[in-house]
Structures are given as structure tokens and as C-alpha cells.
Amino acid sequence: MLAFIIRRLGTMVITMLCLTMVVFYMVNLEPNLKKLSISQLDMRSSDEHIEQWLVKNGFRENFFVRYGQWLGVIKRTPDVDPATGKAALRYKACPQPNEPYYGGILQGDFGCSTKFKTTVEAKLWPALSATGVLMFWVMVTMVPISLLIGILAGMREGSRTDRSLSVASIATTATPEYVSGVIFTVIFASWLGWLNGSAASATAQGVNFYNFTLPVMTMAIYGIGYIARMTRASMVEVMTQQYIRTARLKGLSFSSVVIKHALRNALIAPFTVIMLQFPWLLTGVVIVETMFRYQGFGFTLVEAAGNNDIDLLLGCSLVSVFVVLFTQLISDIGYAYLNPRIRVQ
Amino acid sequence: MQFETIGGFQILFGVIVRFWPVWLALAIVLSASFVYRKRLGLYGELFTNSVGVAGVTICLFWLFTAIFAPLIAPFDPLSQVAVMKDALPGTVVPDTNGVYYFGGDKLARDVFSRMVYGSQIVLVIAPFATMFALMVGITLGLPAGYYGGRIDSFLSFLANLVLAFPVILLFYLLVTPEIRQLTFDSWFSRVTGIGVSIPRGLAAFFFLFPVIFFIVLFWTRFKNRPDRLWIQLALTVLIGGWIYLGLVFAIDPFGLISIEPSTLNIFVAVVFASSPGVFRIVRGLVMDIKTRDYVAAAQTRGESPWYIMIWEILPNARGPLIVDACLRIGYTTILLGTLGYFGLGLAPESPDWGTAIKDASRLLRSFVHPALPPTIALMSFVLGLNLLADALREQSLKD
């Protein structure tokens, strides 16, 4: 088991290296650098001016040298002002030491955001905790509801409850966030006026029922159908097993069979599915946070991508790739623990 | 200024009348399929349960809407009638007989016509992109599942690499005008004078797979019958190469096949994002099926590995693949909507549903009506595809 986890962690590191290199390459393409320098200078900058800015900020160095600097295995040379002997601020925002230094991911230095004029850490961690709050509430509503629907539907396959719940869960999987978000806003904010159509106040004044219900509902709806269908399939399979028939023939009531015998075995498959929902939640987070103007991770990612904010975008991709791979690992380990028939080699 | 408007009932009636070509086509196709359902195989079996009928009807409805869009839509999707800015549903356009059934949007365009024309964009890109993703996934998934070992580890690693990328980040990196402008200097561009950008390069790579697939398909089947083989191969190379040149490099000698650079970019991004998923499914299916007796029999007969993969394993994996293809077209539609919602790739005035939802959702506080038609259209189309997939799955489980 330990060897398996170590091997998986090794693959994870290699994957992260490959992916960050791809992102690094894409954000450093010439047109993207132009876009960045124009946003940092101004629209009417001359080509020489742009080139000068790019050279000064080290964008004209070798690709691998710069990737190494970002990783923290090659020293960065600060732009020292000869008159004072002090290093200039990176992108006019982030302080850096006066001597060449290692400043990369390995040292815990994520770099400097050109858009928000602050260090990436200062922007990324608050955004992540804000998204964590959103994710928490989404999970709290989505998981119990979907498990309940799945179990009710799978309990008696082919019954009327099963049919209607199945069609309902298909309908929710056909409704992406940007569709359900619009429809819910129209109904609950525009027509009924019960809820707040924007979660912008949640960042400043804290989360409450009025500003947070719509984003949570919008995100949860899309996931509910999928998890419910997986739970249903697993429940249907369990209900056909011999031991369920034995328990029924033994004279146990239907409800007791479902709760004591079927439920625990039926919940193994949904566990994996729920863990694998995290990567999908990331995309959902981006849409929902943009739609409801909630200043979380997704909002930051869109801002970073729209402005080609290199360090911030790399930070965001590192975080999201880590989340995806880590949840995959957890789901594999958890699956092996829950299901004694599967032993990891 | 006071406009003449029509009531809710008249709007409903007017819209139903405008859709007349769709109703006609639906009536013909549905009744024909219902009558001959016994002879139509898997498609015919769909008509035995209500979920299947609903799925087929919704999908065909949007298909016919896309085909007959110029007949249905009363206005041009891009034309603006200045006085109709944010007009409410059912407003009669002054000086004409036309009615803005679902009102006007913030640029005074007809919401109804835009919804109808939007279906064209979705129904062209989504199924074709899914087809290409299927081809790529099948061509790579078959050897990965069949041979296992190094090939499998390598291809699976690549697939996981793409799957670990959040889709939205991938789109932001791949589908921007900046990426399209950048061209690389290579031997190819020096010879032909065509600049190769990243989307073009990816298209050149991905679009090769269908051609390879069909060549292998015919080669393995007719290897011992040269008379048939050479005709098939020549046709594949000619037609495939023609489409390939037209789509990827826009140098179709007859000028028939061409694709907008921005559309190509979206196409490539969508194929790139969904082929690893197909790859994984095909790989899993092949690993399961290759343990069957008929595969062992074919191996004993001395058939070549590719013959076994394509002619023994693939036909037996078709059930789950058809179901997955249906779901995947729906998923691709959602992806296209996401692209539109973030304003990536498609032109800002494009009538596709995602862009329309984005434009309308910014103004929800003041006007609700431009948001609802595209959202409901997108939802119903994806729902139709999901119902279809569900019915197909049920049918294939029966066998």
C-alpha cells in the first residue's frame, strides 16, 4: 500500500511538472507577452518600449532558465538600482532581496501578480479559502440529497418513483451552471425577489442565506443528477445480490434490509464518484463565481487568464492540477479501504 | 414611444406557426420510423419506450430547426432594428408585419431568430467534434487496451495529463485570438506559404486520425483481396486527404470545404478536451473484451492484432460507445456554451446559445426575456440527447 502511494505521488509530481511547463510555454508565447506588456505599460507604447520592458523583466531569457527560476532551482537576479544599491520592486509591487536568490515554487514563493499588484500568495490563499467555503456548502447540500435520490430510485428498480426520479436526475445533468444560474436568478431574484442575485457582498460582509443560496444551489444542481444516477446503479446491483434475498426470506422488513444490508455496500461506488467530482467542481466554480461575482479561486483564475497574469495563472493551474490529482489518489485509496475485494498491488 | 404588442397566446401561436417546416418534417420522420420500427434495428427499438421517443423527438426537433433555420426565423440574426432595443416579447416591428416574438436584446436584434440560428452553430460543431474525438479515442484506445504494457502506460499518462487540466483553463490557453495569430516558421510553411499556428498544428495532428482509422479498417479487412483493397484505399486517401486539406490548411483545390479559423480553433479545443475521455472508455472496454473466447479464436486463426482490434473487438464494444457518443454530444454542447459564456473563440455577435446567455445574464436585473430562450434551447437539446442515451443504454442492456 505504501509503495503504491509513493509511486502515485511520484507520477503526480511528474504530471505537475509537465503541465506547468505546458502552461508556462503557452503564457510565454509572443502574442501573450505583448498583451501583458501592453497592459502593464499603456496602449500607445512603441515597440522598442515594449521590448525594453520585456528585457528588463527577464522575459527574454532562455525558456528553461526562466522555468527553472519559477521552480526555484535557478537563481533570480533582481534588478538593482546602481545609485541606491537596492533592488527594484518586481512589477512595481513585490519586494525582492538585493542579491541573486532562489525564489520559486520550491521555496514557497509563487511570484508576483501583475494584475493585482501584489504577491501571488496574498491573492491566491484568500481566494482559495473563499472557494473552500463555497465548496463546503455545495458538498453539504449536494451529497445527502443525491444519495437520498439515488437510494430511493434504486431501491425498487422500474417502479414509478424510480422512473420519475431518474428522469429528474437526467434533467439536472442536462442543465449546466450557466443555464441553471440564469434560470434561478430569474425566478428567485428577479420575479420573487427572495434571494440576492449576486454574491459580491458575501466576500465583504460574510456568507448569509440571501447572498449564498443561489450560487450553492446552481452548483449543487448540476452534480446531484450525476451522483444520484451512480448511486442508483450501484443500489440496483446490490439489491439483486443473494444476501439481500436471504435477508428478505429470513423475514426481515424491506426497510431494515435496505438500511442494514444494502446501504453500506451500495455506497462504495458513489464515494469514488463524489471524490472525482472535485475536478468538475473546479470548472463549476469558475462559472458560478464569475456569474455571481464571488471573489474566489474561479474569479481569480478568470482574471489571471484574461490579463495573462503569468505568475498568478501558473499558481492557479498548479493548485487546480494538485486538487485533481490528489482527489484521484484519495478516491483510489478510499476505494481499496471500503471494498475488501479490491486490493491494490 | 408606444409600440403595438400582441398577447401571450398570440406569441405562442405565432411561434408554433413559424416552426411549421419542423413540425412537417418531424411528423413525416417520426411516423415513418414508428411504422417501420421493427426493421430499423437499434433505432427502431427506441420507439418502444416513452423516454426514447421523447429523446428522439427533441433531438430531431433541433436538427430540423438547424436545417430550416432560414425558413423559420423571421429576421436576420445579426440585423438591428434600432427602435426595438430591449423590446418586450410580442412587440410588433413598426412599418413591417414582423413581430419580435421573444422580444429584442440589448442590440435590438430579434431574440427568437437568434435562438433559431444559434442551433445551426451548435448542431454543426458538437456532433462533428464528438465524431473526431471518438476517432482519436478509438484509434489510440484500441492498441492501449489490447497490447497493454509500455504503449498503455505512455498513452494513459498523456490522457491523464489532459484530464488533469481544468477544462476552463485549457480553453483560456488554447482559444484566444493571440494563439491564432502566432505562426511558427517551419519547413512546411516555407514550402507552402501557409503559416502553422498552434490550433492548425493540433488540427493537423487530430484530423489525421480518421484517415488513419479508415486506412487500417480497409487494410485489415481486404488485405488478401487486392482488387477491392486498392480501390478502397485510393478512395479513402483521396476523399480523406481532400477534406483534410480543406479543413486543416484551407487549401481545398475545389474551394468547397473550408472552415473559419476561429471555428477550427474551437473545434480543436473541444476535440482535445474530450478525446482522452473516449480513450479511457475504449481502453477499458478493450481490456474487458480481449479476454473473450472469440478473441482467443481469432488469435489462434492467426489474425493480425489490428484485425482483431477493429473487426472482432470494436463491433462488440459498440453498445457502450454509442451511448457514450450521445452523452458526449450533449457534453460538447455544454462545453460550447461554456466557451460562449466566457466569450472565447466565437465572434461577439455570433448567435450561438452560450454567447447569447452571456450577453443576457449581464443584464438580468433590468431585462429577463433575452436570457430565457437560449437557456431553454440549450437545456432541452442536452436533455434530449441524455434521454436518448438513457433509452439506448436500456435497449443495449436488454440484449
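1. On the surface, a patch of positive charge brings together Arg293(A), Lys106(B), Arg362(B) and Arg365(B). Patches here are made of residues with over 30% relative accessible area and no salt bridge, with like charges joined within 9 Å and nonpolar side chains (Val, Leu, Ile, Met, Phe, Trp, Tyr) within 5 Å. A salt bridge is a side-chain nitrogen of Lys or Arg within 4 Å of a carboxyl oxygen of Asp or Glu.

2. The model is predicted, so that local features need pLDDT of at least 70 and side-chain atom pairs count only at pLDDT 80 or more, while totals for chains, interfaces and linings use all residues. Residues are numbered from 1 along each chain as its sequence is written, chains are lettered from A and ligands numbered from 1 in the order in which they are written, and side-chain values use heavy atoms, without hydrogens and water.

3. Buried means under 20% relative accessible area, exposed over 50%, and partly exposed in between, with a 1.4 Å probe and protein chains only. Helices (H or I, at least four residues) and strands (E, at least two) are DSSP runs, numbered from the N terminus.

4. Arg293(A) belongs to the loop between α12 (268-291) and α13 (297-306) of chain A, and is partly exposed at 42% relative accessibility. Its phi is near 50 degrees, a positive value in a residue other than glycine. Asn308(A), in the loop between α13 and α14 (310-338) of chain A, also has a phi near 50 degrees, but Asn308(A) is buried, with a relative accessible area of 3%.

5. Helix α11 (residues 198-206) of chain B has 7 of its 9 residues buried, so it is largely enclosed by the rest of the structure. Among these buried residues are Arg200(B), Leu202(B) and Phe206(B).

6. A nonpolar patch on the surface is formed by Leu12(B), Ile16(B), Trp20(B), Trp23(B), Leu24(B), Ile28(B) and Leu71(B), which together have about 720 Å² of accessible area. The elements giving two or more residues to this patch are α1 (8-18) and α2 (20-35) of chain B, and α2(B) gives the most, with 4 residues. Ile28(B), in helix α2 of chain B, is exposed at 54% relative accessibility.

Key
Areas by Shrake-Rupley, 256 points an atom, 1.4 Å probe, with all protein chains shown as cover. Lys, Arg positive; Asp, Glu negative; His and termini not counted. Charge placed at Lys NZ, Arg CZ, Asp CG, Glu CD.
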